[in-house]
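Here is a short briefing on one model. Please look it over before reading the points below.

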4 protein chains.
Amino acid sequence: MLIILKSEATQQQIDHLIERIEGLGLKAHLSQGTYRTVVGIIGDESQLAGTPLEAIPGVAQVIPVLPAYKLASLEAHPQPSVVNVGGVKIGGGHVGMIAGPCAVESYERMDAIAGAVRQAGANLLRGGAFKPRTSPYAFQGLEEEGLKILREVGDKHGLPVVTEVMDPRRVDLVHEYTDMFQIGARNMQNFVLLTAVGETRKPVLLKRGMSATVKDLLMSAEYILARGNPNVVLCERGVKSFDTDTRNLFDVAAVPLAHTLSHLPIFVDPSHATGRPDLVPACALAGLAAGADGVHIEVHDCPEKALSDGSQALLPSQYAELASQLRELAKLLGKQLSPAPQPARAKSGT
Amino acid sequence: MLIILKSEATQQQIDHLIERIEGLGLKAHLSQGTYRTVVGIIGDESQLAGTPLEAIPGVAQVIPVLPAYKLASLEAHPQPSVVNVGGVKIGGGHVGMIAGPCAVESYERMDAIAGAVRQAGANLLRGGAFKPRTSPYAFQGLEEEGLKILREVGDKHGLPVVTEVMDPRRVDLVHEYTDMFQIGARNMQNFVLLTAVGETRKPVLLKRGMSATVKDLLMSAEYILARGNPNVVLCERGVKSFDTDTRNLFDVAAVPLAHTLSHLPIFVDPSHATGRPDLVPACALAGLAAGADGVHIEVHDCPEKALSDGSQALLPSQYAELASQLRELAKLLGKQLSPAPQPARAKSGT
Amino acid sequence: MLIILKSEATQQQIDHLIERIEGLGLKAHLSQGTYRTVVGIIGDESQLAGTPLEAIPGVAQVIPVLPAYKLASLEAHPQPSVVNVGGVKIGGGHVGMIAGPCAVESYERMDAIAGAVRQAGANLLRGGAFKPRTSPYAFQGLEEEGLKILREVGDKHGLPVVTEVMDPRRVDLVHEYTDMFQIGARNMQNFVLLTAVGETRKPVLLKRGMSATVKDLLMSAEYILARGNPNVVLCERGVKSFDTDTRNLFDVAAVPLAHTLSHLPIFVDPSHATGRPDLVPACALAGLAAGADGVHIEVHDCPEKALSDGSQALLPSQYAELASQLRELAKLLGKQLSPAPQPARAKSGT
Amino acid sequence: MLIILKSEATQQQIDHLIERIEGLGLKAHLSQGTYRTVVGIIGDESQLAGTPLEAIPGVAQVIPVLPAYKLASLEAHPQPSVVNVGGVKIGGGHVGMIAGPCAVESYERMDAIAGAVRQAGANLLRGGAFKPRTSPYAFQGLEEEGLKILREVGDKHGLPVVTEVMDPRRVDLVHEYTDMFQIGARNMQNFVLLTAVGETRKPVLLKRGMSATVKDLLMSAEYILARGNPNVVLCERGVKSFDTDTRNLFDVAAVPLAHTLSHLPIFVDPSHATGRPDLVPACALAGLAAGADGVHIEVHDCPEKALSDGSQALLPSQYAELASQLRELAKLLGKQLSPAPQPARAKSGT
């Protein structure tokens, strides 16, 4: 931590600052410049979390030197983490392929889509049973019924499943059915929810908030890690911008940036990032080329009848074409799409 | 709702679109331009919430004509709403003055600050017992103990109290102690929390998310209103921007904009919007001049020892000076600071 | 300047860095923390402008301590500057009131508008003769003919005039007719144009670019000041944002922020900031309440026939009402609207 | 064009609106919804450029249906344009590789860098002779001397050259030396400069402004095209954002978006987009994967001594590795790096 003093800081203010720092068991190191005095803090900065050093008289600026996240940092874990989701590896050269509709709508629809995406190369199945809708009047999900369908269809097709949890009161319920929790962008800083999934050991797909920096995303990951759950996978899904021709702005540089800061794997979700199926394939390829550890795509067999976000979904045939290009690109990059587990054929008679 | 078709839309696609619209019990009105065909939808558009019209083949663009929020709209309630918080009126010319520390830290500190801000002209007391901290390692609040202190101090000084609720499991607990719930910016789209406070009849201070439009804010208000709680007060507290010399960008135009769209009162919170005490007074005055129905200011008697966000707090003396300017300005604008209730002198011996 | 080294920086890299700094005639001051080494640079940092210290091996981060602008800084000139525009004072308690149509359209229209705004309390007249239009097919201005009309009408009504210059080849021509150059937001970093107006001594109204920070704006002011022209007035006119219900996002906090950094006066332009006449009055009042040294408003007597930006203009009657409120507010703030010069009655027969 | 009326619009206002539209030689088509009336305009909308329809009483919203750019649109030219820069094809499957230092610094440095990047696979050489520096105190370029060096070195190595022009008074001079003009991001809406290069027939690399939408970029291209110069190449180089860990936010989706709207080729410039050499390779690959027609990279053989923007440059060896990956990726995508012309060996003795 570096503290830059105001040019007009008095000796008394400097003394008071040093006293405060030393009172916390740290050492202060004074450095007098021509125009400004700088105080370096030596010792375990974590004792300063939340101390409003800026409010101390005479202080102009406080500059953190170490990241505020620790467990998520590359320093803590210099090798890329590999997260195992129901047998599917993500990270360290293993590419996850999450596909499926926005919402679970019915067994038949889910079954048809799952069959198609598994065939195309997907290794994880998504579908929402609890939907965060901006309008209170829109379809809010099938709830537990949706979870059951998702689980059953996933098992049938050998696809571990990913579904969103929005309510800390439902973490146990969702835990029972899913292989991976999804924390949506709007809940990235819902700290009670982060804490709740952090208390499980189930993998978490943590989506970046629409105005969160990559470091903010890592701080949210830290909430989960700090509770003892190491299985966090980040996901870039677009940030807010002034160009409304795409729903959000797909920040592809977040992928290599996250890799310079953290050991956690990172997905890209071009479906939510762009909101436009005509741009999804190009952005999926871009994400993988930038180093993403997985690609999250919404797929629906009749987008115009989707109960949620239909307008951004790819058709199964479009997904198949894209998946084949992604496979080629992964090969070029020295990576591979993770194989999906064996389907539970016994259940296929359902 | 207007649907603009692609220039290459076929007759078959147009027929299919009209069939879909009429299948929902609505009427379609076709309008052939030189270059494009436009379909207007006549009838109750609310049946279309969530229908992905953009995904219907041949559709280029869908333009909503009516707002997606209804209860929050000015059409639904053409007069400004006046919300009563423990006897303090907000809206319709009555100006609320929320003041207090970021977090409740101790009875003594709270008592001292409350006394000072009440004297200066505040009519509502704030203080967090559950704190949404970006770092899991920072002070997270005194929890129920904090609620008790806040309640007791508020009663002593005749200041109804406002405190944040973050967890749907704690809504009942917080309800017991507070006069007004605060929903923080990070939870503006935490729909389970909005629903939970919507099921009470307690006033809610709903803060704008950092990348939410004013219409997004109104959609979140709609969640609360739709559950039957009409006592919503909006709050502008800055949006994300590229200029990092202020913590957020204070969107003062959100105040008159909200007033053109909605009957709900709107506060400004220059403390969180700017993060800088040296800019707070100017922005507070600007907010009131722009038509705000209340001003939310963080005040702490020793900012450098604050356990949360101390660096943005005003000193009680600075608050007193600002409050006096706000009172003069309110008068010029034909408004008045709402009087605070009588203190519960019986309890003053605590 | 502070240079934070990477945790893995070698002694050789540190030595090389120090050698580079000392090679520039500066002194390096080493400070060893627990985790990181920091090098402070002592001496005249301006020798480092443009030296890519970040590219030196081992360097993690470079933190400037002094502002990169000098002449524009409060350190250089601790008292607020007062700029005199044809006899109208701006800054230091003197409030400028610029009003007029977006573009000069005809003598008659200009004459009518000027008469109305002068009567309402404006003290400076605006009107564009060269218009920066985003479409090459839109009206581009009357050019020299427009300048002549503006000059004549300004003289007739006793209103010094402000008009935009876009082309360094036209600086001399515009200089001949105007009392104040306007540099538009799109040209805020058109450095050849800044240099050209910097070589005159004519006041310059420098509008903030749509994605410029306040410090970027001050750097652009520095270009003008560095050429010897001290008569710069800043203008906040909105920045880009994701909320498209207003054309731009009016950053009212830029006003007090600029005052903490610089001695230059700053205007607000709510017409361009919001693009909506229904929000202009509230934002104009907010700007003045926040400390602005002047208010820039577009006024047109028949907005629907305006050749440029008509949809954001106030009617003369709306302007008169607003100007009267601004006058009251200025009084409350201890400021006053600068009086306009005497009209040149001799010319009134034109 | 669609005009949505306010719910309270009177018959008189509707009549007046229709009169205005018909007065411009267009036809109005009225469509009465349940809640709102919509007027469609039939005929050549371009007559409406700049008419402030929003200012007509009773009008709520004006929705353009056709793009405001015409020559740049895909409708005008359904096949991708191929631009020829001194023999190097860009677009339609031909990939341009622009490389070189930010600024031309000396013949020797330029020669060394050019030799290295040509060998690695670059086909166009960049280098600035006039530099737009945010600080008036930073190195501003070698001016004509720089142009000469660039020309000579480009000829020696068989690399057509690209250099920025900032001043309409220097367009002729730069024209003499360069194969392609660059218009920098800060000048994207410098309409006098766009007009000036539009009057030549020399290719133009038009960089996207930091807060320009893709459609804004196309409007600026339209300025050049409308003057008769069809040789425009767009360039995505990052937009402003709140995440300051990268200099700008690299909007990779702009590439496929531009291709859905326009026939013009589009480059990506990850050097300026990220400002960080460690992120440049990943973003360059992402851009190509997203469909870019070329990649613009800053390369410097001693970044720490670069006179401009050294901290974002790749070393020649890093560039060589990246270029080889780009070549493989282009092959996978069915594209090819355009071959560079033969070097002018006769001049190699200089």
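How many residues does the contact take from chain C, and how many from chain D? It takes 41 residues from chain C and 42 residues from chain D. The model is predicted.

**Contact of chains C and D**
- On the side of chain C that touches chain D, the elements giving two or more residues are helix H5 (191-198) and helix H6 (214-226) of chain C.
- H6(C) gives the most to this side, with five residues.
- By class, the side of chain C that touches chain D has 21 nonpolar residues, eleven polar residues and nine charged residues.

**Helix H2 of chain D**
- Helix H2 of chain D covers residues 107-120, 14 residues in total.
- From first C-alpha to last, H2(D) reaches 20 Å, close to the 20 Å expected at 1.5 Å a residue.
- Buried residues in H2(D) are Arg109(D), Met110(D), Ile113(D), Ala114(D), Val117(D), Arg118(D) and Ala120(D).
- These residues lie on the same side of H2(D), because they cover an arc of only 155° around the axis.
- Gly121(D) follows H2(D), and its phi is positive, near 125°.

**Domains of chain A**
- The domain assignment of chain A gives domain 1 (2-63) and domain 2 (83-349).
- The centres of domain 1 and domain 2 of chain A, taken over C-alpha atoms, are separated by 44 Å.

Conventions:
Residues are numbered from 1 along each chain as its sequence is written. Chains are lettered from A and ligands numbered from 1 in the order in which they are written. This is a predicted model: local features need pLDDT of at least 70, side-chain atom pairs count only at pLDDT 80 or more; totals for chains, interfaces and linings use all residues. Helices (H or I, at least four residues) and strands (E, at least two) are DSSP runs, numbered from the N terminus. The expected span of a helix is 1.5 Å times one less than its number of residues. A residue is buried if 20 or more other C-beta atoms lie within 10 Å of its own, exposed if 12 or fewer, and partly exposed in between; C-beta atoms are placed from the backbone. The arc is that of the directions from the helix axis to the C-beta atoms. Two residues are in contact if their C-beta atoms, placed from the backbone, lie within 7 Å. Ala, Val, Leu, Ile, Met, Phe, Trp, Tyr, Cys and Pro count as nonpolar, Asp, Glu, Lys and Arg as charged, and the others, Gly among them, as polar. Domain bounds come from an automatic or database domain assignment.
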